[in-house]
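Subject: Structure handover

Hello,

Here is the structure for your files. Please look it over before reading the notes below it.

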Amino acid sequence: MIDNHPMRPGTRVIHGGQRPEPVTGAIMPPIFTAATYVQESPGKHKGFEYTRSHNPTRYALERMVASLEGSSVSEEQDPSCGGFAFASGLAATATILELVDHGSRVVAMDDLYGGTRRLMSQVRARSQGLDLHYADLSDNAVCAEVLTPETRMVWVETPTNPLMKIADLTAIAEIAKAANPDVLLACDNTFACPRHQRPFEHGFDIVMHSSTKYLNGHSDVVGGMVVVNDAPLAERLRFLQNAIGSVMGPMDAYLTLRGIKTLDVRMERHGNNAQRVAEFLEGHPQVERVVFPGLASHPQHELARRQMSGFGGMVTFFIQGGLEAARTLLESLHVFQLAESLGAVESLVNHPAIMTHASVPAETRAALGISDSLIRLSVGIEDAQDQIDDLERAFKAVRG
Ligand code: P1T
């Protein structure tokens, strides 16, 4: 593997954790669809027993994402270097939650993907007795209050979905580890992706991705990734991945690995386009407020600049005129297609209150500010001028 050589991000997305296939020298791993592997004698095999437990195509993806996140776990310590691929982002999250015991105190960011919150509050609070506390972890004073010695896991999403809050990962790690050195710090890094943010560098233990989004980037795979930064934790995750079994299939692993090869060029274009779209929206008379970490008006713009090497492609804004205006805008857009999900080459638009965050209780949405005027854009890699023209046409339709 060329991982032993220093690599800049644009090189790492192509070569990280990869080596030519040993039999043929194929530059991309074959898609090993076999469910099982033939043994010479009981227990005597080539390191592969059954595809839920081991799959070479999945390993290739897992090593790539481990390399992108900068995991220190070596192949000698763990066959996929501390990276683990799952059937979806939520399957990844569900497996991470199994690291803590029944009744554990878990502190999570208050603004989260609706499905993550649903899994925690409506499933694991019951089945795992989790003692859940949601708090605004973008506020360090709040962190100092809620990250108590009893806290077993901290779940941070940054930037958050959909409000684009930024959490100070270094500060959270310092506060939480001072209170309990054994606390597990997990970061959902889906919005920033490893091109722009690497939570291990800030003292986090676990990184999670919905690889459905930027990592794969082409709206054709649902998947999830987990990366850990130390060998004992990798061993625990390896056990859980196999024991629970919500693994990513080999075809999806191949497609995701293929998608990652262009992550660097895609993120550059996503970021440039999102900056232009955000600036256009900020100057628009029909827009109440724009939230994008790359705007000086973002309350944590300075923190975002320190913590991230780019701001990604997600832009949230509040339209004037409430639900009626939002509905007309959403029905009038064409380049931005009205759909759940994000992070792919196509621009998408979403109404969180009705779509992705409908499972969040209405009072919670109101308290957080996920109102009917809130619109979330996933700015794709089309020509930025076409994206802006599309928005302008739709605003005109709202004006009637
Ligand atoms: O959809 P899935 O691959 O299971 O991933 C869940 C998930 C986890 N974390 C974040 C930050 C996410 O945004 C998601 C999925 N989000 C959407 C489908 C959405 O449109 O927001």
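The notes cover the domains, their interface, the ligand surroundings and one loop.

This is a predicted model, in which local features need pLDDT of at least 70 and side-chain atom pairs count only at pLDDT 80 or more, while totals for chains, interfaces and linings use all residues. Residues are numbered from 1 along each chain as its sequence is written, and side-chain values use heavy atoms, with hydrogens and water left out.

Domains

The protein chain is assigned domain 1 (9-260) and domain 2 (265-399); such bounds come from an automatic or database domain assignment. Taken over C-alpha atoms, the centres of domain 1 and domain 2 are 27 Å apart.

Interface

In the contact between the two, 39 residues of domain 1 meet 37 residues of domain 2, where contact means heavy atoms within 4.5 Å. About 3,000 Å² is buried between domain 1 and domain 2, and carbon and sulfur atoms give 58% of that area. Buried area here is the accessible area (1.4 Å probe) that two parts lose on being put together, summed over both. Met164, His196 and Tyr214 supply 26% of what domain 1 buries against domain 2, more than any other three residues.

Which kind of pairing turns up across the interface of domain 1 and domain 2, and how many salt bridges does the rule find? The rule finds 0 salt bridges there, a salt bridge being a side-chain nitrogen of Lys or Arg within 4 Å of a carboxyl oxygen of Asp or Glu. Polar contact, however, links 21 residue pairs between domain 1 and domain 2, with both residues at pLDDT 80 or more. A polar contact is a pair of N or O atoms within 3.5 Å; within protein, one must be able to donate a hydrogen and the other to accept it, and residues adjacent in sequence count only if both atoms are side-chain atoms.On the side of domain 1 that touches domain 2, helix 4 (114-127), helix 6 (169-179), helix 7 (193-196) and helix 9 (250-260) each supply at least two residues. Helix 4 gives the most, with 5 residues. Helices (H or I, at least four residues) and strands (E, at least two) are DSSP runs, numbered from the N terminus.

Ligand

There are 19 residues around the ligand (a heavy atom within 4 Å), and Asp188, Thr212, Lys213, Ser341 and Arg376 come nearest. Ligand oxygen atoms lie 2.7 Å from a backbone N or O atom of Ser341 and 2.8 Å from a side-chain N or O atom of Arg376.

Loop

Pro159 sits in the loop between strand 4 (151-157) and helix 6, and the peptide bond joining Thr158 to Pro159 is cis, with omega about -10 degrees. Met164 is in the loop between strand 4 and helix 6 and has a positive phi of about 60 degrees although it is not a glycine.

Regards
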